[in-house]
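Visitor: I have a structure open and would like to go through it piece by piece. Can we start with the sites and finish with the core?
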Amino acid sequence: MELKTKDIKSVLKRGDFEYPVMESFYTIQGEGKYQGHAAYFIRLGGCDVGCHWCDVKESWPVDTHPIKSVDTLLSEALAFPGRLVVITGGEPLMHDLGPLTEAFQTAGFRTHIETSGVCETFTGSWDWICFSPKKFKEPNPAILPFVHELKVVIFHPSDVAWAQDWASKINSNAHLYMQPEWSKQASMNPLIVEFVKTNPIWQISVQTHKFLQIP
Ligand SMILES: C[S@@+](CC[C@H](N)C(=O)[O-])C[C@H]1O[C@@H](n2cnc3c(N)ncnc32)[C@H](O)[C@@H]1O
Ligand SMILES: Nc1nc2[nH]cc(C(=O)O)c2c(=O)[nH]1
Ligand code: SF4
Ligand SMILES: [Mg+2]
């Protein structure tokens with residue numbers, strides 16, 4: 001049963017909780033298991049991992065983005081038909097995601113996260129956890145039993161074995177993706193294609209939003 005916005009405000013416990021929000025946008029999930037699904041993205045500010053190939057480096061500072069309340073974020077998302085929210089960043093788990101996810105789930109959204117898993121604390125109530133480990137900062141192993149999807153960016157051939165090593169550490173139900181680093185597709189795509197054909201438990205994820213030229 002979907003609540004109306006005014007009803008939701010009355011049930012939100014921490015609707016006034018605030019976050020630094022670089023951007024929020026209604027689009028098509030371009031990566032991983034839910035690729036192709038309409039989704040409302042909330043990109044939180046702040047990340048200290050420092051991937052040199054990061055495609056959203058402007059998200060890294062935590063104090064240069066507008067501050068938005070849960071109330072506002074939920075009201076903005078409710079304006080669109082989809083009921084799948086993807087919390088991303090930056091590194092979203094830098095923040096206490098309990099209030100945000102509680103509000104969206106109360107309003108009938110599936111809550112998905114895109115995370116590098118590096119944070120000490122692991123907050124929020126999630127319908128889907130996409131874990132994308134990085135060589136630049138060691139993830140917190142506490143997340144590993146809860147991962148629904150492992151998505152490893154392949155920048156160099158050595159990342160293939162590194163990805164398999166991570167697959168051996170997470171729960172056996174997780175979906176396994178290799179994603180070519182965007183600028184290295186010419187060399188990495190053939191490698192990943194051959195790997196997946198040989199190891200069909202894996203899938204390739206190619207950032208379809210960039211081909212569709214949508215956010
Ligand atoms: C921008 S990050 C934000 C969430 C979180 N910090 C993380 O890394 O998972 C979202 C996703 O984009 C991927 N990504 C970032 N830059 C990329 C690039 N240049 N090529 C391919 N994937 C990239 C990350 O690996 C991650 O799966
Ligand atoms: N369309 C679209 N899909 C995405 N999947 C993961 C993204 C991210 O930056 O977290 C992303 C993004 O930035 N845009
Ligand atoms: S962890 Fe994510 S947001 Fe942070 S630098 Fe790496 S890809 Fe970018
Ligand atoms: Mg992106």
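Visitor: Where does glycine 30 lie?
Guide: This is a predicted model. In it, glycine 30 lies in the loop between β1 (18-28) and β2.

Visitor: Is glycine 30 buried or exposed?
Guide: Glycine 30 is buried, because its relative accessible area is 2% and the cut-off for buried is under 20%.

Visitor: What is glycine 30 in contact with?
Guide: Leaving aside neighbours within four places in sequence, glycine 30 is in contact with Gln35, Gln207, Thr208 and His209.

Visitor: Which residues surround ligand 2?
Guide: Ligand 2 is surrounded by Thr27, Ile28, Gln29, Gly30, Glu31, Phe41, Arg43, Thr88, Glu114, His209 and Pro215.

Visitor: What does UniProt say about a "binding site" that covers Gly30?
Guide: An unreviewed UniProt entry gives that annotation to Ile28, Gln29, Gly30, Arg43, Thr88 and Pro215. Of these residues, the lining of the largest cavity includes Gln29.

Visitor: How far is the side chain of glutamine 29 from a nitrogen atom of ligand 2?
Guide: An N or O atom in the glutamine 29 side chain is 2.6 Å from a nitrogen atom of ligand 2. For threonine 88, a polar side-chain atom lies 2.6 Å from an oxygen atom of ligand 2. The side chain of histidine 209 has an N or O atom 3.4 Å from a nitrogen atom of the ligand.

Visitor: And arginine 43, where does that lie?
Guide: Arginine 43 lies in strand β2. With 14% relative accessibility, arginine 43 counts as buried.

Visitor: What lies 2.8 Å from a nitrogen atom of ligand 1?
Guide: A backbone N or O atom of glycine 90 does. Tryptophan 182 also places a backbone N or O atom 3.0 Å from a nitrogen atom of ligand 1. From the side chain of glutamine 207, an N or O atom is 3.5 Å from a nitrogen atom of the ligand.

Visitor: Where is tryptophan 53?
Guide: Tryptophan 53 is in the loop between β2 and β3. Its relative accessibility is 18%, so tryptophan 53 counts as buried, the cut-off being under 20%. Beyond its neighbours within four places in sequence, tryptophan 53 is in contact with Lys134, Phe136, Val153, Phe155 and Glu181.

Visitor: Which residues does the UniProt "binding site" with Trp53 cover?
Guide: The unreviewed entry lists Trp53, Cys54, Asp55, Gly90, Ser132, Pro133 and Lys134. From this set, the lining of the largest pocket takes in Trp53, Cys54, Asp55, Gly90, Ser132 and Lys134.

Visitor: Where is serine 132 found?
Guide: Serine 132 is found in the loop between β6 (128-131) and β7 (149-154). Serine 132 is buried, with a relative accessible area of 8%. Its contacts, leaving aside neighbours within four places in sequence, are Thr115, Ser116, Lys151 and Val153.

Visitor: Which cysteines does UniProt list for "binding site"?
Guide: Cys47, Cys51 and Cys54 are listed in the unreviewed entry. The lining of the largest pocket includes Cys47, Cys51 and Cys54.

Visitor: Is cysteine 47 buried or exposed?
Guide: Cysteine 47 is buried, at 17% relative accessible area. Cysteine 47 is found in the loop between β2 (38-44) and β3 (67-69), and cysteine 54 is in the loop between β2 and β3 as well. Apart from neighbours within four places in sequence, cysteine 47 is in contact with Ser59, Trp60, Gly90, Glu91 and Met94.

Visitor: What does the side chain of glutamine 179 join in a polar contact?
Guide: The side chain of glutamate 31, at 3.1 Å. Glutamine 179 is found in strand β8 (residues 175-180) and is buried, with a relative accessible area of 4%.

Visitor: Last topic. Which residues touch the most other members of the largest nonpolar core?
Guide: Ile42, Leu97 and Phe104 do, in a core of 49 residues. Helix α2 (residues 70-78) gives the most to this core, with 5 residues. A second, separate core of 7 residues includes Ala39, Phe41, Leu84 and Val86.

How values were computed:
Residues are numbered from 1 along each chain as its sequence is written. Chains are lettered from A and ligands numbered from 1 in the order in which they are written. This is a predicted model: local features need pLDDT of at least 70, side-chain atom pairs count only at pLDDT 80 or more; totals for chains, interfaces and linings use all residues. Side-chain values use heavy atoms; hydrogens and water are left out. A nonpolar core is a set of buried Ala, Val, Leu, Ile, Met, Phe, Trp, Tyr and Cys residues joined through side-chain atoms within 4.5 Å. Buried means under 20% relative accessible area, exposed over 50%, partly exposed in between (1.4 Å probe, protein chains only). Helices (H or I, at least four residues) and strands (E, at least two) are DSSP runs, numbered from the N terminus. UniProt positions are given in the numbering used here, feature names are shortened, and annotations may be inferred rather than shown by experiment. On a 1 Å grid over the protein atoms alone, a cavity is a set of points where a 1.4 Å probe fits but cannot get out, and a pocket is an open set with protein on both sides within 12 Å along at least five of seven lines; lining residues have an atom within 4 Å of a point. Contact means heavy atoms within 4.5 Å. A residue is near a molecule or strand if one of its heavy atoms lies within 4 Å of it. A polar contact is a pair of N or O atoms within 3.5 Å; within protein, one must be able to donate a hydrogen and the other to accept it, and residues adjacent in sequence count only if both atoms are side-chain atoms.
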